[in-house]
Amino acid sequence: MSEQAAAAACGLPPHHTVRSFDLDPLGALEEGHRRHGPVFRMAVDGQETVLVGTWAGLVELFAGERGCLEVLNTPLVHDLFGRALFNLTGEGHAEARRRLRPALSGRALPGYLPALLEVTDPVAARWAQHGVGDLYTEVRALTGSLSARVLLGIAPETADSAVFAAVFEPFVAGSGAPPGRDRFMTGRYWAGRAARRRLYALFTRRAAAAVAEPGTDSALAGLVAAFADASQAVGPLPDHLLALLIAARETTASLITWCLVELAGNQQHAVLAQTEAHVAVATPEVLARRDAVPVLRAVLAEAQRLHSPNLLSLRETVCPVDLGGYRIPAGTRVAYSTSAGHFDPEVFPQPHTFRPRRFLDGEARGARLWAFGGGAHACLGRPLAELMALTVMASVLHQGVPRLPGGPPSRIRYRPAKAPLTAVPLVLDRQEIAS
Ligand code: HEM
């Protein structure tokens with residue numbers, strides 16, 4: 001009996017062989033689903049993994065998730081992040097989400113807009129004046145400032161912003177240490193642990209200040225109040241703050257980068273979006289309204305579709321689970337692609353072309369996008385991430401239309417988030433606003 005036939009007899013999905021997953025991961029996934037359907041097996045980073053893709057595949061995965069699939073995090077992630085949201089399970093996880101959500105979405109968002117613009121406006125003005133040597137590096141720094149401002153109430157160019165930047169970097173470097181026992185042999189793991197302690201001291205100080213002088217321009221006072229009477233099962237607020245800061249970082253920087261890259265390559269849309277940007281800078285509340293700034297929102301949706309920041313999200317089955325007609329045994333590594341269905345030509349004609357108009361004409365629906373995941377662990381920061389991206393686009397377009405003098409990025413990496421591999425310079429071509 002062949003290996004495939006033997007596996008099928010045990011209920012396992014077919015195996016897909018790829019030569020190099022890292023070279024063209026989306027191509028490898030597309031080919032696997034084309035040949036085998038929504039569910040197949042493949043080696044990812046040398047480990048056998050059940051891949052789930054296509055729109056229908058993800059709907060089925062999330063429907064059967066609770067109690068059967070857990071986020072697969074390494075011992076390193078458990079060590080550094082403690083009882084952060086993505087390390088929790090069951091009722092403690094659901095309760096922590098309920099407590100975190102109000103400060104990250106809905107009515108809280110318009111209150112953050114002045115603070116977001118306070119960060120983005122001067123940066124966009126600097127870009128317009130001097131240009132940008134490497135777009136991703138600049139956007140990463142900007143995203144860090146936006147997160148520090150909204151999540152911790154730290155304004156740019158203050159003493160605490162310098163402390164935060166100096167301590168967060170070694171923490172991030174620590175999260176790149178070997179995932180298993182080998183981590184104990186590396187300096188960056190121990191530097192990451194020390195940075196975690198210093199970050200917690202900073203969080204405690206900022207939380208005390210937010211309680212003493214509560215405002216609506218940062219999420220911190222709301223988060224402190226939401227966790228004041230939380231049980232141990234929900235995890236401590238500092239662990240969650242660390243998770244929010246890390247979850248926001250590479251992903252949001254990636255999405256903003258691709259929005260700007262695509263605006264630069266599609267001047268017609270950029271000019272259309274610029275009209276909305278001028279209005280948004282004068283009346284920022286439109287950025288938080290779902291029925292306003294349709295062109296900017298269409299650019300955001302199309303960038304999510306074509307450039308989903310995350311590549312794969314990992315799970316482990318903790319009981320047998322049925323997926324795509326196969327019974328997957330407990331203890332299996334499962335991954336889903338956040339681009340699942342994004343390149344289906346039936347749903348998104350000309351799937352590899354940037355066409356934001358598809359979301360304006362009603363030809364495509366945002367509900368078909370998985371860039372922010374789904375199910376029990378769907379991204380809790382989506383509304384804030386989208387608001388940050390819209391604010392950056394508005395500030396930038398208000399200054400000028402983006403252009404890439406060296407052309408679009410030619411080499412791309414997909415992990416930890418999709419980003420150009422080499423420096424991408426950007427300039428803003430100023431346009432006269434009619435008097
Ligand atoms: C463009 C930006 C972002 C993208 C594409 C993104 C994407 C995702 C995805 C795909 C997941 C699900 C992971 C899984 O299934 O295991 C996730 C989870 C999460 N995200 Fe985001 N994210 C973004 C920004 C943010 C921001 C700004 C925050 C916080 C302010 C945030 C906080 C979280 C948290 C806490 C989780 C874990 C949820 C849980 O385990 O219950 N994300 N994100």
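Figure 1. The protein exposes about 19,000 Å² (Shrake-Rupley method, 1.4 Å probe). Carbon and sulfur atoms supply 55% of that area. Of the 435 residues, 51% count as buried, meaning under 20% relative accessible area. The C-alpha trace spans about 75 × 50 × 40 Å along its principal axes. This is a predicted model: local features need pLDDT of at least 70, side-chain atom pairs count only at pLDDT 80 or more, and totals for chains, interfaces and linings use all residues. Residues are numbered from 1 along each chain as its sequence is written, and side-chain values use heavy atoms, without hydrogens and water.

**Figure 2. The open sheet.** Five strands (DSSP E runs of at least two residues) line up as S1-S2-S7-S4-S3. Pairing, which takes at least two DSSP bridges between two strands, is mixed. S1 (39–44) and S3 (69–71) are the edge strands; each has a single partner, so one side of each lacks a neighbour in the sheet. S1 and S2 (residues 47–52) run antiparallel, joined by six bridges. Val39 stands opposite Val52 in S2.

**Figure 3. A helix against the sheet.** Helix H2 (residues 25–36; helices are DSSP H or I runs of at least four residues) packs on the sheet. H2 touches S1, S2, S4 (312–317) and S7 (333–337), with contact meaning heavy atoms within 4.5 Å.

**Figure 4. The iron site.** Cys379 (SG) is the only protein donor of the ligand's iron atom, at 2.3 Å. Donors are N, O and S atoms within 2.8 Å of the metal (3.2 Å for Na, K and Ca). Cys379 sits in the loop between helix H14 (357–360) and helix H15 (382–399).

Conventions:
Axes are lines fitted to C-alpha atoms, for helices over the stretch in contact, and angles run from 0 to 180 degrees between N-to-C directions. Buried means under 20% relative accessible area, exposed over 50%, partly exposed in between (1.4 Å probe, protein chains only).
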